[in-house]
Structure formats: C-alpha cells, structure tokens
Amino acid sequence: MAFAADKGITFPLLSDPDSEIIDALGIRNTLVDPDDHPYAGIPFPGTYVLDAEGVIIAKFFDEHLGVRANSAELIRAAQGETVELVGAPAPADGEVTAEIRYDGDHIAAIVKHDVVVRLAIPEGQHVYADPAPEGMVPFTIEFDDTDQIGLRAMVGPAAHDHHLDGTDEVFPVHDGTVEFRLPIVNTSSPKIESLTITGRVRWQACDALACRIPQSQSFSFELPTAKPDWPFGGDANPDDTMDFAHHFTRMVERRNQPTD
C-alpha cells in the first residue's frame, strides 16, 4: 500500500476498499457524503482490543475523529482491569476522603489522559450523584480553565438509588470506595511546552440522619506536553506529523480515474 510505504510501516495493514468489514462492524462514517467525497466509505476512527483468541474485549471511540486512547488505557484493557471499585473497603467512620491523581507523566496532543478521583466514603454514609436533591451538592470534578483542554465523559461506577425516609423521593448516590476517571485532551498550541491543570473535586456526604457541609479538594498538575504517541514517526516522518493533504490528493486522483 502507498500509505504503508510512505510511512515506513512494516506490519500488515487491512485493506477494505469496498467497506465490507467496516459495515460489518457498524462503524462506517455516515457523515461523509457517499456521492462526491474521496473519503466515502471510511470508518469512524477507533481502537479495538482483542484477546489471544481474537475476541474483542474492549473498544475505544471518541466523538472527535482526531482523539485517540493512550497506551496505558489500552494496556489496562488488554489486561482486563476495570475502573469500577464498588464494594471495596471503606473507612468505618469519619469523613469522606478523596485521592486525586493524573494518570501519566505527560499530556500528549490529541491523546486522552485521565484525571483519577478515588472517594473513600465511610460506612453508613453516601455521596450524592447527579442529579442531587435541590440545595444539595453532587459529586463533580471541576477545572479552572478549559481553554487548552477538552473534557470527555466521566467513567466510573453507576450510582444506586437512595430512598429518603418519610418521603417518596429517590436520588442516585455512591457509597463505599469508588473510583472515577475523567478523560481530558490536550488541545493547546503545539508550541506550548507544559500545561498546568488546576481544579477541584466537590461532594456532599449524608447519613441516615443528616447531611454534612459540602466539601471540596483542590488539585494542580504541571505536565510537560508531548507529541501524539502514534506509530508514524521515525525516518519516514521525522517531524512526527502526518501529511493528510498528500494522501487526500492521491485519493482524489484515484477516484477521478476513468473506469472501464
């Protein structure tokens, strides 16, 4: 294939000129005009993780065609690790504690990285999820500045229903020890060498008798930036950039060639 030769790729690439496999997987990009666009028939970009028998055990797709999963996330999926920690031990009494960390040592352009929050909720208490009762504070992860980062949907354990005594109201809550991951994407200028990401986690804990004052815990991560960790570097591409215009032009030329 011209693309593989141009990029110096030595492993086999799948060719699907009629989009048969793409359609079988249900990932054809329906936003591309099938009548007059050279990219007609391409898939929505994503990543599948397969086990040793070739069975799909995880998949990663994003709403933005340029965003990819990071390597640590793929390794976790391949090893069968999960972020859902419902039922893990929690302190018997005291206050809710929050452990906040960034999953990685850099923030690569257009590659998802996680801000991880682990809440340890004492036995007999719960923390409101969203939507919380009027006047209460649900668990949230907030950022001070999102001009240079993009936020994705938070991943974590499902909340369960909590029934308020004496009323018919039901609200979603978390209890025990639970872990949440909020993927963020570096959308800053490639000239920026580092990003400082700051924000806070907020929650409100309640027990069977009363609710505590809302709590918050701040976080700050100063992270060096990096180019995407996709496999198109090396001598064939010394700037670690992909010449999309070049390949788009070749696709147009092939599409416009007369057929017998």
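A: Let's start at the second largest pocket, which has 20 lining residues; F60, E73, K112, D114 and V155 are the ones nearest its centre. The elements that each contribute two or more residues to this lining are strand 2, helix 3 (71-78), strand 5 (112-120) and strand 11 (177-186). Strand 2 contributes the most, with five residues. The volume of this pocket is about 450 Å³.

Before going on, here are the ground rules. This is a predicted model, in which local features need pLDDT of at least 70 and side-chain atom pairs count only at pLDDT 80 or more, while totals for chains, interfaces and linings use all residues. Residues are numbered from 1 along each chain as its sequence is written, and side-chain values use heavy atoms, with hydrogens and water left out.

A few terms also need their cut-offs. On a 1 Å grid over the protein atoms alone, a pocket is an open set of points with protein on both sides within 12 Å along at least five of seven lines; a cavity is a set where a 1.4 Å probe fits but cannot get out, and lining residues have an atom within 4 Å of a point. Grid points are joined across faces, edges and corners, and a volume is the space filled by probe spheres set on the points. Helices (H or I, at least four residues) and strands (E, at least two) are DSSP runs numbered from the N terminus.

Now back to D114, one of the residues nearest the pocket centre. The side chain of D114 meets that of R181 in a salt bridge, at 3.3 Å from N to O (a side-chain nitrogen of Lys or Arg within 4 Å of a carboxyl oxygen of Asp or Glu). This pair links distant parts of the chain, with R181 in strand 11 and D114 in strand 5, 67 residues apart. Both partners are buried, D114 at 4% relative accessible area and R181 at 6% (buried is under 20%, exposed over 50% and partly exposed in between, with a 1.4 Å probe and protein chains only).

The count of salt bridges comes to 13. Another one joins R200 and E142, whose closest N and O atoms are 3.6 Å apart. R200 lies in strand 12 (residues 194-203) and E142 in strand 7, so this pair ties together parts that are 58 residues apart in sequence. E142 also forms a salt bridge with R202, at 3.5 Å between the closest N and O atoms. Here strand 12 and strand 7 are tied together again, so the linked parts are 60 residues apart in sequence. R202 is partly exposed at 30% relative accessibility. As for D114, salt bridges with shared partners join it with R76, R101, D103, R118, E179 and R181 into one network. R200 and E142 are partly exposed, each with a relative accessible area of 25%.

Y48 and F61 have ring centres 5.6 Å apart and planes at 75°, so they are edge-to-face. This pair spans 13 residues, from Y48 in strand 1 (residues 46-50) to F61 in strand 2 (residues 56-61). Y48 is partly exposed at 26% relative accessibility, and so is F61 at 32%.

Away from this pair, F143 and F219 are also edge-to-face, 5.6 Å centre to centre with 75° between the planes. They link strand 7 (residues 140-143) and strand 14 (residues 215-226), 76 residues apart. F143 is buried at 13%, as is F219 at 7%. Together with Y102 and F221, they form one aromatic cluster.

Conventions
Rings of Phe, Tyr and Trp (its six-membered ring) pair if their centres lie within 6.5 Å; planes under 30 degrees apart count as stacked, over 60 as edge-to-face and the rest as tilted.
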